[in-house]
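I opened the model to go through its sheet, its salt bridges and its surface. My entries follow in the order in which I looked things up.

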Amino acid sequence: MSNSHLFLKSGFPRAPLQNGLGRYVCQLQRITLKFCKNNGSSRGMRDFIENHLVDFAKENPGIVVYVKPRRHRTPVLVGEYLNGEREWMSCRNSTQEEISKWIDLLKTQNGSSSSLRLRKMWHTDVPSIQGPWTPFLLRSPDSQVYPSEEASKPLDTPQTATEKLIELFRQQQLEAGEEAHEVLNKKRAE
């Protein structure tokens, strides 16, 4: 078992300022595309800038796009979010389609939430002072007699062969008793 999760930042899952209840606000504030004009590992980034960057900027007017050429460096995507976090991603030898997918991923996230170790799977800003709800919360304590054999059995257990035989035997006894009762009623009626 690896202990690498101990080095991740921990926190709770949350939506920033209840985003999406009213109108949706994209959390990506600015994106910086760093690339080399000559290096072969930057070919996908250069193709993306030439073919798709203007369309991306028109579709997302709320995201500021910076293009920063750097000599003899690998291509990098840097996303900066409204909460102040920065996401850095290397795009070495990536195609323009892969870079487009990475940019869409950065656009839909709200920071480095993918590298966040969750303390709990849920979190509330206003916890209940009354405690958690249970099925016994509003029931009268007098109506419940515990320990109860019937309540302690699992609900989904199939009927055993012995229980089926006992049930058949009781049905036969009831039928025999009904027949005897009918015979007695006929004799009384005569």
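**Terms first.** I count two strands as paired if DSSP finds at least two bridges between them. Helices (H or I, at least four residues) and strands (E, at least two) are DSSP runs, numbered from the N terminus.

**Source.** I am working from a predicted model, in which local features need pLDDT of at least 70 and side-chain atom pairs count only at pLDDT 80 or more, while totals for chains, interfaces and linings use all residues. Residues are numbered from 1 along each chain as its sequence is written, and side-chain values use heavy atoms, with hydrogens and water left out.

**Entry 1: the sheet.** I looked up the strand order and found an open sheet of four strands, E3-E2-E4-E5, with mixed pairing. Strand E3 (64-69) and strand E5 (86-90) are the edges, each pairing on one side only. From one strand to the next the twist averages 15°. For angles, axes are lines fitted to C-alpha atoms, for helices over the stretch in contact, and the values run from 0 to 180 degrees between N-to-C directions.

I then took the pairs in turn. Strand E2 (residues 28-35) pairs with E3 in the parallel sense over six bridges. Lysine 34 has lysine 68 as its bridge partner in E3, and lysine 34 also stands opposite valine 76 in E4. E2 and E4 run antiparallel and are joined by six bridges. E4 and E5 are antiparallel too, with five bridges. There, glycine 79 stands opposite glutamate 87, and glutamate 80 has arginine 86 as its bridge partner. E4 and E5 form a hairpin with four residues between them, and glycine 84 in the turn has a positive phi of about 95°.

Entry 2: My cut-offs: buried means under 20% relative accessible area, exposed over 50%, and partly exposed in between (1.4 Å probe, protein chains only). Which residues of E4 are buried? Six of its six are, and I note the strand as mostly covered. Val76, Val78 and Glu80 point one way, and Leu77, Gly79 and Tyr81 the other way. E5 has a covered face, Glu87 and Met89, and an uncovered one, Arg86, Trp88 and Ser90.

**Entry 3: helix H1.** Helix H1 (residues 43-51) lies across E2, E3 and strand E4 (76-81), at about 125° to E2. Its buried residues are Gly44, Met45, Arg46, Phe48 and Ile49. I checked what they pack against, taking contact as heavy atoms within 4.5 Å. The partners are E2, E3, E4, helix H2 (53-59) and helix H3 (96-108).

**Entry 4: salt bridges.** I took a salt bridge as a side-chain nitrogen of Lys or Arg within 4 Å of a carboxyl oxygen of Asp or Glu. How many salt bridges does this rule give? The count is three.

Glutamate 80 meets arginine 30 at 2.6 Å, N to O. The pair links distant parts of the chain, with glutamate 80 in strand E4 and arginine 30 in strand E2, 50 residues apart. Glutamate 80 also meets arginine 86, at 3.7 Å, N to O. I therefore wrote down the cover of each: glutamate 80 is buried because its relative accessible area is 17%, arginine 30 is partly exposed at 24%, and arginine 86 is exposed at 53%. Arg30, Glu80 and Arg86 are linked in a network of salt bridges.

Aspartate 104 forms a salt bridge with lysine 107, the closest N and O atoms being 4.0 Å apart. Both lie in helix H3, three residues apart, about one turn of the helix. An α-helix has 3.6 residues a turn, so residues three or four places apart point the same way. Aspartate 104 counts as partly exposed because its relative accessibility is 36%.

Entry 5: Leucine 168 is in helix H5 (residues 161-189). I list leucine 168 as partly exposed because its relative accessible area is 48%. Leucine 168 and asparagine 60 are 108 residues apart in sequence and 73 Å apart in space, C-alpha to C-alpha.
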